[in-house]
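Please walk me through this structure, beginning with the terms that the description relies on and then moving from a sheet to the contact between the chains.

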Amino acid sequence: MSRVTKFAARDPGPAARVAGFVAHLRENGLRLGVAEADLAMAALAQVNAIHPDEARRVFRAVCTGCKEEAERFDALFDSYWMDMGRVRQKVVPTLSSSASDDVQSSRDAKGEDAGASGRATTPDDMGGEVDGHGTGKLIATKHRNLSRRDLRDLVRPEEIAEAEEVARRLGAALRDRRSRQRIAARRGDSVHFRKTIRQSLATGGEPLRVLRKKRPDRARKIVALCDVSGSMSVYAQVFLAFLAGLMRSDTAADAYLFHTRLVRITEALRDKDAMRAIGRMSLMADGFGGGSKIGPSLQRFADTYAKRFVDGRSVVLILSDGYDTAEPARIAEALAKLRKRGCKVIWLNPLKGWTDYAPVAAGMAAALPFLDLFQPANTLADLAELEQELVRL
Amino acid sequence: MTWNDLKTALSSEGYVASDDLAVALQLALSLGRPLLLEGAAGVGKTEIARTLAAVRDTRLIRLQCYEGLDAAQAIYEWNYQRQLLTIRAAAEDGETGRIVEDRIFSRDFLLERPLLAAITQDQPPVLLIDEIDRADEEFEAFLLEILSDFQITVPELGTIEAVTQPIVILTSNGTRDLSDALRRRCLYTYVAYPDRTTELAILKARCPEVEAHLADQIVGFVQKLREEELEKTPGIAEMLDFAAALMGLGIADLTENPAVLQSTLTTLLKTQSDQACITREVAGRIAGRAA
């Protein structure tokens, strides 16, 4: 991964440099338009811009838009402005900075969006290093440890398009459950005529209180957690395409990957270019194909993200085979905690499609009492068939 | 007014702002952009709007967002009852339909809600749109239009232009992701929990009667408590409650009586499991380390 600085000493003036900086931020994944450069110039005029700290604060207020961006901002600012005007300098990511955007350094501290920087368009080398990343490999498998494997090898654009369609249908099955009935509501979108007239009897036929009604809104939010450990790598193709499709079809959906730790990939998958989204995701999925710690990952999810993103309207979709290296009690504990938030929990297990499959894996057995739905899913077609089940949920 | 002046003015009203926040506020004022504040609950996001209104000696108009918030609650609504009564009265006076119609769809019959109120003030007010993440996405899109044009269209009445442009502050607790469009329109600052010196300054500004030694212990204790794994991390308001509780009980030193310390923790720990995990011994240990 390289961060490229383009601040040239020969740039004609501050305007060109500010424009260059905005372009530099854009290249590093911040979503900025032309208007921001304009606004930044106007803002700089309001402070003593000669002072680097003040300029930094101004740019931070103007150019960042969320917590993750604010955390990464300092490193990006330094790499552009604090390089003495060197051109095309490759910056080796420093491991010390707390807001480092390097994937490996961001292990547990900030897993979520840290990997979104760098140039997602540059493929990693496909060597598939077999170094010691895969801690706790769990079943005898001939699959290489895919640590740092580029996920774009696994997923084709056509599949994403297909998955998008499936995800859209699933989403519709889950969310569009508005009834044709309208119910009385304090703040409805139309007048509840019958009730209004009935009430008007009390005021001499004058409808003084206008009562309202509305359609009961039952939108559901899908939160997908996908296991990408070694034992799941054969199914990864389907599931990753499904995740990508889901995120593209449903703006409220939320997606995570886990193996030995949990990564939020929602932001990365929202990239307009489907393949670049997968590229960004593979930058984050360091440790892909390694061991699996389902329990701890789910627990981490329940303790952090779930508090913000999961409520009674959510459906938590877990895509995993249930082979866990941590103790099964932790899965049960995490799921119990999740259920307390009022959400539905669906577990899709690719192994369940096998004949004679029984959920004997300790992790799976521990999870069963907490599931609203336990279904097989190997292929996109299987996922599409879920539609029927979900309607009944 | 530079951002330093603003910071001083804020602190004279009892709000200790970080440099980042002060610069962002100053820019929001001078560029007329909305300011989006994000951060955990209890770091003083709402308070900043209140203080800013006090500093600029202007009205604070607050719109609390919630799920299902709609235009009728946020912008305007017709006063149906009054309209009906007017129609009845007009019928008895023998007025014709056209005149009555014009009359009942006039500004007199319009109930102002916060957003409409905010753009029709003579002196620019501070408009606080609190917890925008709780409102639906549809409402967010609607808000975008108002924040960029500062005009509101009422179909029966026409477009109402802003008399003055309000200072807009939005806050979010991050219960859902906000749209990019909204983020782009706003200046942004992430408000973190204050560091030790800042929090000490806040405590001194709000409770000047707390002695220096105890204040130092209180802030140290709360800072250490935030590092524990809690379901609900105590915010600044909780810290101030805690200080007030200790003052009320007449305690001069945190470490002197663990039982009393434990009983005052109800001001800091707001869930059953948090209270269970900070036992008397743990509280004593934290107090010891903080001192």
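A residue is called buried if 20 or more other C-beta atoms lie within 10 Å of its own, exposed if 12 or fewer do, and partly exposed in between, with C-beta atoms placed from the backbone. Helices (H or I, at least four residues) and strands (E, at least two) are DSSP runs numbered from the N terminus. The model is a predicted one, in which local features need pLDDT of at least 70 and side-chain atom pairs count only at pLDDT 80 or more, while totals for chains, interfaces and linings use all residues. Residues are numbered from 1 along each chain as its sequence is written, and chains are lettered from A and ligands numbered from 1 in the order in which they are written.

Chain B holds an open sheet of 5 strands in the order β2-β5-β8-β1-β9, with parallel pairing, where two strands pair if DSSP finds at least two bridges between them. Its edge strands are β2 (60-64) and β9 (187-190) of chain B, each of which pairs on one side only. Neighbouring strands of this sheet are turned by 20° against each other on average, direction ignored; here axes are lines fitted to C-alpha atoms, for helices over the stretch in contact, and angles run from 0 to 180 degrees between N-to-C directions. Helix α2 (residues 19-31) of chain B packs on the sheet, where it touches β1 (35-38), β8 (167-172) and β9 of chain B, and its direction makes about 160° with that of β9(B). Contact between two residues requires that their C-beta atoms, placed from the backbone, lie within 7 Å.

In β2(B), the covered face carries B:Ile61 and B:Leu63, whereas the uncovered one carries B:Leu60, B:Arg62 and B:Gln64.

Turning to the two chains together, 27 residues of chain B are in contact with 25 residues of chain A. On the side of chain B that touches chain A, two or more residues each come from α2, α4 (71-74), α5 (80-93), α9 (180-185) and β9 of chain B, and α2(B) gives the most, with 8 residues.
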